[in-house]
Amino acid sequence: MAGVIAADGQGMVGVARGVTILPVKVLDCKRFGDSLDFAEGIIYAARAGAQILNVSPEGPTGPALSRQALRIALDEFGALGIAAEG
């Protein structure tokens, strides 16, 4: 997703060239993580100044915890969360 957003030349142009991407890893090297890891990643990114959060988990993430983290990101830091579920 980051390439589509921020690509800057080399045969591809993104939709928002020049933006800064802040990758946040919430899974370990075996692709394991839980709802709390996911929620903490959301808050970390918002606290670090991310204005738009692309949160697209591949599996169950504890919807209530994710919604709460996204609400905090918006209310306390002004970050907009974009999510794809399913």
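**Exercise 1. The start of α2**

Which residue caps the N-terminal end of α2? Find the capping atom and its partner, then check the helix length.

*Solution.* The model is predicted: local features need pLDDT of at least 70, side-chain atom pairs count only at pLDDT 80 or more, and totals for chains, interfaces and linings use all residues. Residues are numbered from 1 along each chain as its sequence is written, and side-chain values use heavy atoms, with hydrogens and water left out.

Step 1. The cap is D34, with a side-chain oxygen 3.1 Å from the backbone nitrogen of L36. A polar contact is a pair of N or O atoms within 3.5 Å; within protein, one must be able to donate a hydrogen and the other to accept it, and residues adjacent in sequence count only if both atoms are side-chain atoms.

Step 2. Helices (H or I, at least four residues) and strands (E, at least two) are DSSP runs, numbered from the N terminus. The expected span of a helix is 1.5 Å times one less than its number of residues. Helix α2 covers residues 35–47, and its 13 residues should therefore span 18 Å. The end C-alpha atoms of α2 are 18 Å apart, which agrees.

Step 3. After α2 comes G49, with a positive phi near 105 degrees.

**Exercise 2. The buried residues of α2**

List the buried residues of α2 and name the elements that they pack against.

*Solution.* Step 1. Apply the cut-offs: buried is under 20% relative accessible area, exposed is over 50%, and partly exposed is in between (1.4 Å probe, protein chains only). In α2 the buried residues are F38, A39, G41, I42, I43, A45 and A46.

Step 1. Contact means heavy atoms within 4.5 Å. The buried residues of α2 pack against β3 (52–55) and α3 (63–77).

**Exercise 3. The salt bridge**

Which two side chains meet in a salt bridge?

*Solution.* Step 1. A salt bridge is a side-chain nitrogen of Lys or Arg within 4 Å of a carboxyl oxygen of Asp or Glu.

Step 1. The partners are D75 and R71, at 3.4 Å from N to O. They are 4 residues apart in helix α3, so about one helical turn separates them. D75 is exposed, at 54% relative accessible area.

**Exercise 4. The loop between β2 and α2**

In the loop between β2 (12–13) and α2, describe R31, D28 and T20.

*Solution.* Step 1. Most residues other than glycine have a negative phi. In R31, phi is positive, near 65 degrees. R31 is exposed, at 53% relative accessibility.

Step 1. D28 is partly exposed, at 36% relative accessible area. Its side chain reaches the backbone nitrogen of F32 at 2.9 Å.

Step 2. T20 is exposed, at 74% relative accessibility. From T20 to A2 the C-alpha distance is 9.6 Å, and the two residues are 18 apart in sequence.

**Exercise 5. The whole chain**

In what order do the elements run from the N terminus on, and where is confidence lowest and highest?

*Solution.* Step 1. The chain has 3 helices and 4 strands, in the order α-β-β-α-β-α-β.

Step 1. Of its 86 residues, 22% count as buried. Among contacts in the chain with a separation of 6 or more, 48% come from residues 24 or more positions apart.

Step 2. pLDDT is the predictor's confidence in each residue, from 0 to 100. The chain has a mean pLDDT of 84, and 90% of its residues reach 70 or more. Confidence is lowest in strand β1 (residues 8–9), with a mean of 72, and highest in α2, at 93.
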